[in-house]
Amino acid sequence: NFNSVFQAEAHSITASAQKLLSWNTQNKNIIFYSDSQASIKSLQKTKLTSETIMKCNATLNELAGKNNQVSLNWIPGHSDFDGNEIADSLAKMGSHSDNQYNIIKIPHKTIISKLKNYYTEAHLNRWQINNLHYDCSYPISCLLKKCDYNLTKLSYIILQLPTKSLRILLKIITGHNNLNSHLYRMNMALEPSCEYCDLQNSGVDSFFCPDETAIHIIEDCPAFDILRIRYFEDFKIKLEDIINSNQPLPKTLNNLTRFFVKSDCFNKIPQFTEPISPRR
């Protein structure tokens, strides 16, 4: 199950004390021997936070209230102490049993951790299974790969960026910006093709012109070759290669956002300020 060894060790002390209470043990010198330093040290603390330790502490105090002298002694594990060896053997037998016991509550932190891992995995599966738009799925996949698919780590790095850089990065990641590809999907541009490439003015059919997306601007739009060399040391790049380079991710993200600040393409005024009618 999801219970820890620490909980099991503390519960064994509690169960032993409860057994002595059921026998109405009084006026005795009682010594508990345990190879769990963690349990003993937790019981010595003035502030208890673990429910298992609080229950153990209350049971020991109740036993001491029967005019008993109660003490806890640590012994090293696997050192041929007869009682400890018997306890270990019984614990192993119990771990291989088909019976399930719900004596100890699952720790709150464990529940939170399991839920977080479950929804993280479900979220990652959604990215892999759903047919998400390339402009969005590609940069997200690159970032997740760089962070070993750890969403918490990626979120922390992104949220450390300045507000202006974060705003630009979100436009890159989501594809929601004022470039023609997104505006065309929003019915606010006549063509999704890139205006910066200027291929249409050279007689090339718009069908063969690349869409004006953040990925195209970053990777291979010829209008930004010099700017690309300045920030990434090459006139054509692959976003995946840049993100997965040896450079720390925060520095890479800062370079990406500075590139778009200098390109000024996110400040481009749309062809239409409202959807074209009739809608395509």
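**Entry 1: a pocket**

I sorted the residues lining the second largest pocket by class and got 6 nonpolar, 8 polar and 4 charged. My classes are nonpolar (Ala, Val, Leu, Ile, Met, Phe, Trp, Tyr, Cys and Pro), charged (Asp, Glu, Lys and Arg) and polar (the others, Gly among them). The model I am reading is predicted, with local features needing pLDDT of at least 70 and side-chain atom pairs pLDDT 80 or more, while totals for chains, interfaces and linings use all residues. Residues are numbered from 1 along each chain as its sequence is written, and side-chain values use heavy atoms, without hydrogens and water.

On a 1 Å grid over the protein atoms alone, a pocket is an open set of points with protein on both sides within 12 Å along at least five of seven lines, a cavity is a set where a 1.4 Å probe fits but cannot get out, and lining residues have an atom within 4 Å of a point. A volume is the space filled by probe spheres set on the points, which are joined across faces, edges and corners.

I then looked up the volume of the second largest pocket, and it holds about 500 Å³ of space. Which residues lie nearest its centre? I found Gln7, Ser50, Glu51, Thr52 and Pro107 there, out of 18 lining residues. The elements giving two or more residues to this lining are α1, α3 (51-64) and α5 (108-129). Helix α1 gives the most, with 4 residues. Elements here are DSSP runs numbered from the N terminus: helices (H or I, at least four residues) and strands (E, at least two).

**Entry 2: α1 against α2**

I followed α1 (residues 5-22) to α2 (residues 37-44), and the two helices pack at about 65° with axes 9 Å apart. That angle makes α1 roughly perpendicular to α2. For the contact (heavy atoms within 4.5 Å) I noted Phe6, Glu9, Ala10 and Ile13 on α1, facing Ala38, Ser39 and Ser42 on α2. By class, I have 4 nonpolar, 2 polar and 1 charged residue in this contact.

My axes are lines fitted to C-alpha atoms, for helices over the stretch in contact, with angles from 0 to 180 degrees between N-to-C directions. Angles under 35 degrees are roughly parallel, over 145 roughly antiparallel, 65 to 115 roughly perpendicular and the rest oblique.

**Entry 3**

The largest cavity holds about 60 Å³ of space. Its lining includes Asp135, Ile172, Gly175, Asn177, His182, Arg185 and Glu212. The largest share, 3 residues, comes from α9. I wrote down 4 nonpolar, 5 polar and 3 charged residues for the largest cavity.

The second largest cavity holds about 40 Å³. I see it lined by Pro139, Leu143, Leu169, Ile172, Ile173, Leu239, Ile243, Leu253 and Leu256. Helices α6 (134-146), α8 (163-174), α12 (239-243) and α13 (249-263) each give two or more of these residues, and α8 has the largest share, with 3. By class, this lining has 9 nonpolar, no polar and no charged residues.

**Entry 4: α7 against α13**

I finished with α7 (residues 151-159), whose axis comes within 10 Å of that of α13 and crosses it at roughly 50°. That angle makes α7 oblique to α13. I found Leu154, Ile157 and Ile158 of α7 touching Leu249, Pro250 and Leu253 of α13. My tally for this contact is 6 nonpolar, no polar and no charged residues.
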